[in-house]
Amino acid sequence: MSRRFLLLLLPLLLLLLSGAGLGCYFETNDDLTVVALLRGETAAAPVTDLYLYFHGFAWGWSQLYAAHPTVPWYGLTLYGLLYVATVLVFAVLWRLLRPHAGCGAVLAVLVLFWGVGWLEHSLWFNYMRVPLLLAGAGMLFAAQRAPVRWALAVGVLAFGISWLIRPSAAILGAAVAAPGAWWLTGRRSLPVLAGAGAWAVVGALWLNLTWSPAAATFRRLDVLKSNLNDFQLSAPPSLSLSPPDSLGLAAARNWMLADSTLVNEPMFARAAPFRLGYFLTKTASVKVLLLLRQLPRDYFPLLLLLVATGVLLWRQPRSRWFWLVQIGYVGLLLGLGAVLKLPPRLALPLLDFWAISNLIFVFGRQPLPRRTVPVLLAVLALAAVPYGYKTWHRSRVLAREQQRNYQQRENLYRLAGLADMVVSDLWEETYKSQSPLTEGHLPGSYAFRIVKPRKHLSLLGWQTLHPSQPALRRQLTGSRDFTAALRRLGRLPNVAWLLSPEGAALLNRHLALRRQPEQPLMQLVPAQPNRRARKNAMHADLFRAKFPHSSSKAKIL
């Protein structure tokens, strides 16, 4: 009972201490973008289906936010699941190390491993970390205790929850933990691996059979915009582009994806094709070089731990499979880095399970290599000192970025004034580094803005592809068409246009291109600065619509 209590209490204590001492920050703006959809701030109604991820979770969160809007349900839920994943990993490491070391030494390994290989997950939070960690931890926990049925249920349930959050991340997490699961118990690990595989197959069939045409289009376009902006898989067009394709490509590169007449699958095929030769010669090599610089700089403690396990097994017999798996892990990291990308939210979980799998192989040897525990403790302790300073410095940088982004968002609130509606391409840029537990609001303004939010028509971000956005435009203007909605919004009296100069220029190009001969020219022009609308450090201006009714006279609404 004391061991179980320790394994439940220690991860909670470490999470609370790191949060209190270093803070917690969103790694990207994706999380708060999801929260805005769930609350209905950027949609016609609270979104209950995000299609690509959070299956089931989105419906539950939308109900909870509607009932208790001041509670940060999103952050609390995902941090709770991060705690569960931490408990499972600590339980695996405890049972692995305890036969070979005293209680104090095992506790030291757990705390040091937390500091150099796990703390970042709570400090620099992103939802993608949770399914990767939970799926892999569930696999290892169930395999270590096989054939106990309750442990098998825990492993499959952990994978199932991870799959609901993000199917691809859950599959990757289970795959990267599979070597460790096999080294723990061999064939007895097959039931949990088979259970995860069955869940993934059945889930994929269910999604493909139940998705609407709009959801399927959203999925395809999401992949295409990621290939262009995130993964740099697209080559320049081989032919000169027509004005619509040129504007569509410029809009997609700037994450302005709302107009389906411009940003669509044929446009991506013409303007952003994939060419293998261009990718191999121009893109892949650059991405691999960046990855080779990133990993030693950001994750040297885990790399040292991997080297230490290799040194311990260098002259050991029957280590062939160990070295083959090392080649597989290296190939996986390089492949992901070259073809997709390897941001911190993906890199550290993969390195975590690589290191844990290596430890499983080392401590499964009979006899155990000499001085294994002292060597591992020395490596972790030596790496903890510079990495601790690096982590502290990162927390200070993130705290400054959080305050800067919060201040920028406050400037936007002031610029919007008492407007009922905001049309903007600036809001999402301020979400990065905000706290998951306050969702970007300080306590003084939290309740007022959450209980009475204003509607936002967002012009920038992946969510502009979501099927909820045409419904929002129809609710606000009576038209689902993007151009018609903009023109009608321009005639409404209480709309704040908060746009970057680049965003305003793109919209003006768009409005000019889509203008019919009988329609007046519509443009966005900077509002005259005054005491309530000044330029701030982001160059965020208040824009209004200008409708020239003749060639000699213009009226500003």
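The model contains 4 cavities of 30 Å³ or more. It is a predicted model, in which local features need pLDDT of at least 70, side-chain atom pairs count only at pLDDT 80 or more, and totals for chains, interfaces and linings use all residues. Residues are numbered from 1 along each chain as its sequence is written, and side-chain values use heavy atoms, with hydrogens and water left out. A cavity is a set of points, on a 1 Å grid over the protein atoms alone, where a 1.4 Å probe fits but cannot get out. Grid points are joined across faces, edges and corners, and a volume is the space filled by probe spheres set on the points.

The largest cavity has a volume of about 110 Å³. Its lining (residues with an atom within 4 Å of a point) comprises 13 residues. Closest to the centre are Ala 251, Met 256, Phe 482, Leu 507 and His 510. Two elements each give two or more residues to this lining: helix H12 (243–253) and helix H21 (501–513). Helices here are DSSP runs of H or I with at least four residues, numbered from the N terminus. H21 supplies the largest share, 3 residues. By class, the lining of the largest cavity holds 11 nonpolar residues, 1 polar and 1 charged. Ala, Val, Leu, Ile, Met, Phe, Trp, Tyr, Cys and Pro count as nonpolar, Asp, Glu, Lys and Arg as charged, and the others, Gly among them, as polar.

The second largest cavity has a volume of about 100 Å³. Its lining has 12 nonpolar residues, with no polar and no charged ones. Among them are Leu 97, Ala 101, Val 109, Phe 113, Leu 305, Phe 363 and Leu 380. Helix H5 (103–117), helix H16 (344–363) and helix H17 (372–416) each give two or more residues. H5 gives the most, with 4 residues.

The largest pocket has a volume of about 1400 Å³. A pocket is an open set of points with protein on both sides within 12 Å along at least five of seven lines. The largest pocket is lined by 47 residues. Tyr 127, Met 128, Arg 166, Ser 226 and Asp 230 lie nearest its centre. Elements that give two or more residues to this lining are helix H2 (30–39), helix H9 (167–185), helix H10 (190–210), helix H11 (213–229) and H16. H11 gives the most, with 6 residues. The lining of the largest pocket divides into 24 nonpolar, 11 polar and 12 charged residues.
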